[in-house]
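Please read the following report alongside the sequence and the coordinates. It takes up annotation, ring contacts, helix packing, selected residues and backbone geometry in turn.

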Amino acid sequence: MNRQRLILHSMTKVVSFIILSFSIFLFFAGHNEPGGGFIGGLMTASALLLLYVSFDIQTIRRVIPFDYVKMIAVGLLLAIGTGLIGMLFGLPFLTQFDDYFQLPILGETHLATALPFDLGIYLVVIGVALLVILTIAEDDS
Amino acid sequence: MSLLHLVVLAPFLLAILIPFLYKKFRHIHTGWFVLGLPLVLFIYFLTFLPEISGGGAVQETVPWIPSLGIDFTVFVDGLGLLFALLITGIGTLVVLYSIYYIANKKDEPLNNFYVYLLMFMGAMLGVVLSDNLMVVYVFWETTSLASMLLIGYWFHKERSRYGAQKSMLITVFGGFSMLAGFTLLYVMTETFSIREIIAQTDVIASHELFLPAMLLILLGAFTKSAQFPFHIWLPDAMEAPTPVSAYLHSATMVKAGIYLVARMTPVFGGEPQWFWLLSGFGIFTLLWGSVSAVRQKDLKAILAFSTISQLGMIMTLLGLGSAAVHFDLANGETLYTTAILAAVFHLINHATFKGSLFMVVGIVDHETGTRDIRNLGGLMTLMPITATAALIGTFSMAGLPPFNGFLSKEMFFTGVLNATTLDLFNMQTWGLIFPVIAWIASIFTFAYCMIMFFKTFTGKHQPEKLKKQAHEAPMGMLIGPVILASLVVVFGLFPNVLSYSIIEPVMRSILPSLVSDGGEFYVNIYHWHGPNTELMMTIGVVIFGSLVYLNLKRWQEAAFFLKERDPLNWLYDNSLVWLIDGATWVNDLQLTGRLRDYMAYMFVFFAGFMAWGLFYFDAIAIDLENTAPISTYIFVLVAVLILATISIPFINHRITAIIVVGVIGFLLALLFVVFRAPDLALTQLLVETVMVVMFLLVFYHLPELKKESFKPTMKISNLAISIAVGVFASLTALSAHAFSYENPVDAISNYFIENAYTLAGGNNMVNVILVDFRGLDTLLEVLVLAIAALGIVVLVKYTAKGRENL
């Protein structure tokens, strides 16, 4: 391991966590500030990409053992499932609800069904971006 | 559903059973199961005779598609009954004949044959007995289809397939025209019922669609009835089995056009166009067919051209007779109605003698193995019964007494001579051509009739040229021609059995406006008219016809006689070739297989369409008054953007090109920032980053860009197309902008601005729209992403194994 890799690895370890945190911030900020599932997802994907670029693929596969195909499926199901909630109460597909709740630690919190919907999008975007890039990168034919 | 409907549909119902009977009773000839049906139908139709000859008509209606005015109405009047009797009567004889003709039960697909034949019989009954034009059309096309199937019965023969295709193309072409004509009639009268259309004749005659409707319907009638120049399919249809030729191509199907013309005479008759088209084409067909028949060496080809010629004669008579509609005649005036009388009478006569002649030819073919008149001869002593039937048939066809052909020929001459005395439709100047052409055509008719009989049955027998030992046919085969030949004689000797029983009701159907209630046409057919012009013409025909026949040897070497095929076939065959070549040429011209050509088409269309819209609607408007102030850094941004864009076509390295494209993407993100779209700017930045990474990954595998050398013309046309698309897209955008100030529309965004927080509980309006107001779009876009990703996985991972197969 030469010095160049060492610096890269150290920097990556620090930076990827900052990016990840920022992406989660973007994801949660979406309802009131710029951000949201799409941007958050892309940002998370770039953090993971950074990990893949600086370390080799096998290492990251071992450390983060995600199956991105399943992640896409879960994301889609989540988004569709959120839409179906409304239908249980006889409302149109994709009716969104929001209300204020008193939660133990966070205090009064504004919760909306838009959040799980956005989470679905978030997961799909991460899955798509990484799946595509890794598939092409690993193809050695 | 009345009994009459069942009668029309009975052949179809029996046709369903035929394959089962064929499989179950292999040792019995399938024809025997069929034979009963036409016979029963014939007897059933005979029971209508008293009612119809009394001037009545029978009508039964079953709704089919009432919302479109299409009902299955069976209407039996004189004309319909005559045809129904011909179809079932000759049908019975043909089925009986075919049982012996196609005697080989093992090798022949008899089930096919009888299914097609029954299908044809039912369709033909439907054509002549339906009152609704759409139903007529449906049955009409079914006859075309059944005829095609029957011509191609021996589908292993190339000539059969050729003939079947030819007849199909020509008759269906006519059928479609006829459909268009029927539709025009509906447009004019708002009904499909022939009865009701006839009642509105005065509306039609003055309507501007009169001529198109008439031409289209005549096209259908002329193609079906083999009138010049559409007759060329009939000689090639002789590849069909002989019973089929006898039934379809002499007695029934080719008369469907005649039927249609007769049926439509009350609608279109009395107008000069109808008169001239019918009699003009008819008389020319008569001449063309009879002259062509003399050149033929094949007996069936002679009969085919003879049929064409006789159909032309009937068509001429119907045309001449339609002039009668022009005059509102008092009852008993026969000068003009003679032509219609002759047409109806000859229609019956032709069906009898032509049917018997075809059967005779079939027998000769069956018993000797050839139909070529150059190989035949001296069969009279070997086949006495066949020869007798042939003698009666040919002499009747030639128009000799005492057979029925003589009577109809005399009446034909009377009709054309009467035509010269007509003082309408320019007949004063052109009328004389009718008797002259008719007379010349009759000479040739006489000649080919003599050739047919004498070359086959007299002269020297040449057994060495025949494939089989010639002998008399079995009884079953002879029944058909013998019955028909005796009808020829009976109708010849006692023509008046037909006069008031069937001919007069038919004339009523064709000329309903000329007979008052209770009145009737005067029909009297007799042999001796005294020494008048017609008799002189017949004597002339016999003399000159004999001269033509006796001098045949001298002419046989002439080029005219050596060319058997109709010269029009050359045109037909080549136009098919030209059609295919032309289509291939057009195809090759536009479908080059090069993606850049297709892109060019699309962009040219795109630019052209926008240009057309802008200029046609005079929509170019540039209004710069309502623009927002433009700050300096926007100018800088746009300048860099333009510079980067222009540089791309000049870059020869992939990686450089990707990076420059990335630069454009980041500049766009900056533009979003300037225009206050933080979400878009963020997304654009991230997407661009991921895209550049992906491009680099993909293009890492690809070779260096080749230095492509384009032709200068290609470069210029590409440049021109690009500039055109750019210019017109910009013009469209600018014009849309200008017009949006002229016709302001309330933006929906106001609603979102007001309700984003109250309804959806969010302050980020873009995100609220994405996940709440328009959540379905987002859901489906994410689905698009997922499918794209899975597609890439499949492409990369799962095609590698099967790559050899690609």
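The report below begins with the basis of the model and then moves from annotated spans to single residues.

## Basis of the model

This is a predicted model, in which local features need pLDDT of at least 70 and side-chain atom pairs count only at pLDDT 80 or more, while totals for chains, interfaces and linings use all residues. Residues are numbered from 1 along each chain as its sequence is written, chains are lettered from A and ligands numbered from 1 in the order in which they are written, and side-chain values use heavy atoms, with hydrogens and water left out.

## Annotated spans of chain A

An unreviewed UniProt entry places the feature "domain: Na+/H+ antiporter MnhB subunit-related protein" at residues 7-130 of chain A; UniProt positions are given in the numbering used here, feature names are shortened, and annotations may be inferred rather than shown by experiment. Over residues 7-130 the chain is 69% helix and 10% strand, with the end C-alpha atoms 25 Å apart. Helices (H or I, at least four residues) and strands (E, at least two) are DSSP runs, numbered from the N terminus.

Under "transmembrane region", again from an unreviewed entry, UniProt lists residues 12-30, 36-55, 67-94 and 114-137 of chain A. Among them, residues 36-55 are 90% helix and 0% strand, and their end C-alpha atoms are 28 Å apart, whereas the span 114-137 is 100% helix and 0% strand, with end C-alpha atoms 34 Å apart.

## Aromatic rings

Over all chains the structure holds 45 aromatic pairs, a term that covers rings of Phe, Tyr and Trp (its six-membered ring) whose centres lie within 6.5 Å, with planes under 30 degrees apart counted as stacked, over 60 as edge-to-face and the rest as tilted. One of these pairs is formed by A:Phe22 and A:Phe25, which are stacked at 6.1 Å centre to centre with 25° between the planes. Because they are 3 residues apart in helix H1 (residues 3-29) of chain A, A:Phe22 and A:Phe25 are separated by about one helical turn. A:Phe22 has 38% relative accessibility and counts as partly exposed, on a scale where buried means under 20% relative accessible area, exposed over 50% and partly exposed in between (1.4 Å probe, protein chains only).

Elsewhere, ring pairs link B:Phe395, B:Phe453, B:Phe454, B:Phe457 and B:Tyr549 into a cluster.

## Packing of two helices in chain B

The axes of helix H17 (residues 384-398) and helix H18 (residues 404-421) of chain B come within 7 Å and cross at roughly 10°, where axes are lines fitted to C-alpha atoms, for helices over the stretch in contact, and angles run from 0 to 180 degrees between N-to-C directions. That crossing makes H17(B) roughly parallel to H18(B), since angles under 35 degrees count as roughly parallel, over 145 as roughly antiparallel, 65 to 115 as roughly perpendicular and the rest as oblique. On the H17(B) side, B:Ser396, B:Met397 and B:Ala398 meet B:Asn404, B:Gly405, B:Phe406 and B:Lys409 in H18(B), contact being defined as heavy atoms within 4.5 Å.

## Two buried residues

B:Thr778, found in helix H34 (residues 775-798) of chain B, is buried with a relative accessible area of 9%. Not counting residues up to four places away in sequence, B:Thr778 touches A:Phe117, A:Ile121, B:Leu770 and B:Val771.

B:Glu141, in helix H6 (residues 133-151) of chain B, is also buried, with a relative accessible area of 16%. With residues up to four places away in sequence again left out, B:Glu141 touches B:Val172, B:Gly175 and B:Phe176. B:Glu141 and B:Gly174 are 33 residues apart in sequence, and their C-alpha atoms are 9.8 Å apart.

## Backbone geometry in loops

A cis peptide bond, with omega of about 0°, joins B:Phe228 and B:Pro229, and B:Pro229 is placed in the loop between helix H10 (210-224) and helix H11 (233-236) of chain B. The loop between H10 and H11 also holds B:Ala226, a residue other than glycine whose phi is positive, near 55°; B:Ala226 is buried, with a relative accessible area of 0%.

B:Glu190, although not a glycine, has a positive phi of about 60°. B:Glu190 lies in the loop between helix H7 (158-189) and helix H8 (194-199) of chain B, and is exposed, with a relative accessible area of 65%.
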